Amino acid sequence: MTEFDHGAHYHGCDFQVHSPLDGQWKGLGKADDEAKKDYARSLVAACRARALQAIAITDHHEMGFIPILRQAAVDERGPDGELLPEQERLVVFPGMELTLGVPCQALLIFDADFPQDLFPLVSNALAIQPGEFKRLEHINSLVLLKRELDKHAYLRGRYVVFPNVSDGGNATLLRSGMAGKYAEMPFEGGYVDGAFDKLGKGNRDILAGKTPEHGYRRIAVIQTSDNRNAEHDLLGRYPTWIKWATPTAEALRQACLAQESRISLIEPRLPAVRIESIGVSNSSFLGPIDLAFNQQYSAMIGGRGTGKSSILEYLRWGLCDQPLADDTDGEIPNYQRRRARLITGTLVPVQGKVEVRYSLHDTVHVVRRDSVSNTLEIKIGDAPFKPISEEQVRALLPIQAYSQKQLSDVSVRLDELLRFITTPIKAQLGGIDSRLGEQAAIVRERYSARERKRALDANKAQRELARQSLDQQAAEIRKRLTGLSDEDRKLIDDAPRYQEAERHTAGWSAGLGGAIEVVRQARQRIEQTKSTMRPAPALAEAPELGEISAEVVKALDASLTFLAQAQTGLSQAISHSDDLSGPWAAWRARLADFNARYLAASERSSVHAQRLKELAAIEKQIAEQQGEIDRLAAQISALAEADAQSDSARAQIVALRNTRADLLAERCQELSERSNGLIRARINRGANFAEFIETFQDAVRGSKIRASKFEALAELLSADPLPSHAALLADLEALAVHHDVHGGDAELPPTPFLGQLDFGTADAQRIAGVLTQSSWLRLSLVYPADVPVFEYRAKENDYIAFGNASAGQQATALLSTLLNSEGPPLIVDQPEEDLDNNVIQEIVELIWSAKHKRQIIFASHNANLVVNGDADLVVWCTYRTIGDQSGGKVGGEGAIDVPAIRKAVTDVMEGGEAAFNLRRQKYGF
């Protein structure tokens with residue numbers, strides 16, 4: 001798959017570099033040919049060291065050194081010792097510095113591939129004696145310079161001139177009395193010696209086209225270093241970054257015409273997140289596709305039905321943007337249905353696969369999607385391909401994309417409005433959503449413990465009630481036992497105390513067993529931690545890492561030793577309960593003796609035999625009940641923190657949701673600022689209860705509560721979302737617990753929030769009859785969604801609902817915001833269809849700065865967006881067979897400084913020639 005696009009790219013340049021053949025050269029003197037070659041090689045190396053990709057050799061009235069330097073650039077080798085490929089070589093522009101009779105100096109620069117055999121003809125055309133430093137008095141205007149050069153077909157269109165526009169001196173065009181010659185000059189740029197920011201304000205105003213005496217002529221300015229010695233002292237000190245696809249004079253001229261986006265006096269900032277390319281194995285409409293995109297701004301052009309929109313849809317499908325839905329669903333937007341038909345109609349029949357290269361900070365991610373199986377694979381860097389889900393692709397490799405007329409859908413579709421806000425922060429939201437999912441699982445787990453504790457509490461309370469009754473019954477029987485000897489009476493009265501003591505010893509034994517299990521689990525957890533602990537990284541300069549690792553291992557080992565001792569001690573303690581001597585054996589003997597004496601006393605009292613029998617039965621039940629109470633108490637004790645832990649887990653979800661809402665609110669604030677005041681955006685937290693109400697209705701299905709009551713409930717909840725949601729859940733949980741614990745027999749718990757609504761006692765009874773705790777748990781994890789609210793500035797300080805603005809106003813505001821915002825690649829199919837014609841120029845100017853912040857990929861019929869928007873790569877789509885719209889193809893690709901692309905723009909785009917004329921007129925030509 002293609003990795004490099006054929007569009008325009010920035011190159012670090014220094015266009016005033018002199019050689020030993022220059023009359024003002026310092027050093028080397030009259031060097032021989034071998035010394036000149038050595039110097040040429042050193043100059044190439046110096047350019048590489050200073051990150052220069054292109055230079056112009058501009059000796060005074062001399063071009064003799066250029067062939068030597070060209071050969072040195074061809075001979076340059078990389079770190080591996082191999083010759084550099086052509087696209088990585090130093091670009092050498094032929095040129096010369098002219099001292100004109102205007103009077104001023106100017107740099108004359110030719111195509112990088114300008115033939116060497118034409119160099120002498122340049123001197124002839126200008127009546128120059130090579131190497132002679134003499135003013136060309138016969139050329140007293142820049143108009144005349146162009147006229148003299150254009151007389152010769154071999155020069156026409158192959159050169160560009162940059163007059164000197166520095167502050168002060170006798171070489172600059174900005175001297176007093178030169179305004180007319182500045183205004184009439186037919187060139188689009190000028191140069192300064194040194195840094196541009198040293199120019200005075202007056203001269204800056206002239207160059208910015210702000211002065212009437214200079215014809216309001218705005219020109220581009222490049223800064224140069226004017227290096228003149230063998231030590232390369234100044235080389236690259238004042239570089240200029242210029243963008244081109246091919247190193248020609250026309251490319252430099254086009255850069256001057258679009259200086260906002262093609263010339264930079266500081267190292268340009270480029271999008272770090274970008275789509276590098278798309279490959280389609282086959283398509284029944286377009287055939288195979290192998291297309292690389294520019295890092296900044298790529299424009300797809302072509303007649304209707306040539307496939308430019310299809311390429312963008314393949315790209316979006318490959319990156320899983322907006323998953324396809326069932327075509328039979330009448331609620332699906334048209335753009336989704338169209339894409340579904342495109343994939344099934346053009347890829348599936350030929351078993352097409354789409355492969356997209358996506359770069360995140362220079363780490364290449366390759367996504368491969370099969371149209372037949374719909375399987376997805378990803379390759380990150382040098383790793384092999386592995387399966388990935390659609391959601392994972394969307395989270396990892398986000399794009400912000402809109403089909404034809406889709407920008408107009410934003411205000412009428414809540415999901416589109418939310419997507420507009422969330423796409424640039426998808427990775428951050430994805431991280432929060434993942435944590436929310438994890439926390440929801442924790443909430444379910446802890447609520448299960450809480451539910452278990454409630455059941456245990458209810459069971460324990462029931463048994464305690466039964467035990468209380470049995471205690472009273474036993475006490476009454478004992479009262480009626482009269483006529484017993486004092487000894488027998490004491491035995492009967494002591495029985496409950498011995499039974500209680502036996503329950504204590506049984507509890508102690510059980511406690512030891514539980515403690516042993518806790519210690520065992522703790523040992524197991526620490527051993528797992530130790531076994532999975534990573535070794536210290538091998539950083540020789542950071543020996544403290546090894547010390548930290550050793551300290552952690554030591555602490556883990558100490559904990560394991562302590563726990564092993566604890567487990568041994570607990571095991572020994574529990575084993576003593578089986579000893580034949582000692583306190584446990586003494587207690588067993590004492591209890592056995594008491595039980596024997598108690599039985600004998602019972603047998604001696606024949607008068608009370610029946611009552612004693614009943615008492616024994618009740619005491620047995622008391623023992624059983626108390627045993628269960630103790631068992632339940634132990635389990636409840638183990639769940640002592642269940643309520644607090646459940647509340648804490650849910651509080652974590654609330655905190656995460658607040659963090660998410662805060663992030664959305666920040667994004668809304670940023671969006672409002674980025675829209676230049678056209679949009680006022682905010683987040684209405686928890687205002688959308690649609691999913692909650694639907695889940696609520698499902699949870700109480702069968703309750704026969706009217707649907708209108710749920711509708712009224714949704715409206716009331718939305719008025720004060722977050723407190724109302726919490727209050728409603730509290731009431732519903734009370735009813736769910738009533739259902740599960742009391743089975744509907746007890747009196748209903750109070751439900752103060754429901755009482756304020758149109759849900760009476762009868763409705764609460766119906767809810768309690770069907771709502772379980774598990775259903776409530778599911779409902780409680782459905783939080784009301786945050787709702788974005790957009791307003792449009794109709795006039796100063798007067799905002800209206802965004803949906804009430806016209807479609808053109810909405811689209812302009814949204815696209816302006818997108819272009820003002822940093823974010824993932826922005827893909828828009830035919831944005832002009834959503835825009836009013838009178839705002840196209842505003843959008844064009846936004847594109848100039850936008851493409852430094854984010855990658856832009858447009859498909860368009862509007863030449864102004866492409867030409868004056870200064871697309872860095874133009875991809876021209878055409879029909880496979882002229883006049884037959886059943887198939888398209890990529891007809892060519894390149895930048896607008898490439899003649900074939902300019903012709904394509906002029907031939908196939910609406911207003912193509914007019915767009916180029918506008919571009920010229922803007923600069924007064």
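I began with strand E18 (679-688) and strand E19 (residues 785-795), which pair in the antiparallel sense over seven bridges; strands count as paired if DSSP finds at least two bridges between them, and helices (H or I, at least four residues) and strands (E, at least two) are DSSP runs numbered from the N terminus. The model is predicted, with local features needing pLDDT of at least 70 and side-chain atom pairs counting only at pLDDT 80 or more, while totals for chains, interfaces and linings use all residues. Residues are numbered from 1 along each chain as its sequence is written, and side-chain values use heavy atoms, with hydrogens and water left out.

Staying with this pair, I looked up Ala 681 and found that its bridge partner in E19 is Phe 790. The two strands belong to an open sheet of three, in the order E18-E19-E20, with antiparallel pairing. Its edge strands are E18 and strand E20 (798-801), each pairing on one side only. Neighbouring strands here are turned by 35° against each other on average, direction ignored. I then noted that helix H18 (residues 642-674) packs on this sheet, touching E18 and E19, and that its direction makes about 160° with that of E18. Contact means heavy atoms within 4.5 Å; axes are lines fitted to C-alpha atoms, for helices over the stretch in contact, and angles run from 0 to 180 degrees between N-to-C directions.

Next I turned to the open sheet of seven strands, which has the order E5-E4-E3-E2-E1-E8-E9 and mixed pairing. The edges are E5 and strand E9 (263-264). Within this sheet, E3 and E4 pair in the antiparallel sense over six bridges, and Leu 100 stands opposite Cys 104 in E4. Helix H4 packs on the sheet, touching E3, E4 and E5, with its direction at about 160° to that of E5.

Which residues of helix H4 (residues 142-150) are buried? I listed Leu 142, Leu 144, Leu 145, Glu 148, Leu 149 and Asp 150, where buried means under 20% relative accessible area with a 1.4 Å probe and protein chains only. These buried residues pack against strand E3 (91-100), strand E4 (104-110), helix H3 (119-125) and strand E5 (159-163).

Last, I checked a helix pair: the axes of helix H13 (residues 426-479) and helix H24 (residues 773-780) come within 11 Å and cross at roughly 150°. H13 and H24 are therefore roughly antiparallel to each other, a term used for angles over 145 degrees. In the contact, Val 443, Arg 444, Tyr 447, Glu 451 and Arg 454 of H13 meet Gln 773, Ser 774, Trp 776 and Leu 777 of H24.

Note on methods:
Buried means under 20% relative accessible area, exposed over 50%, partly exposed in between (1.4 Å probe, protein chains only). Angles under 35 degrees count as roughly parallel, over 145 as roughly antiparallel, 65 to 115 as roughly perpendicular and the rest as oblique.
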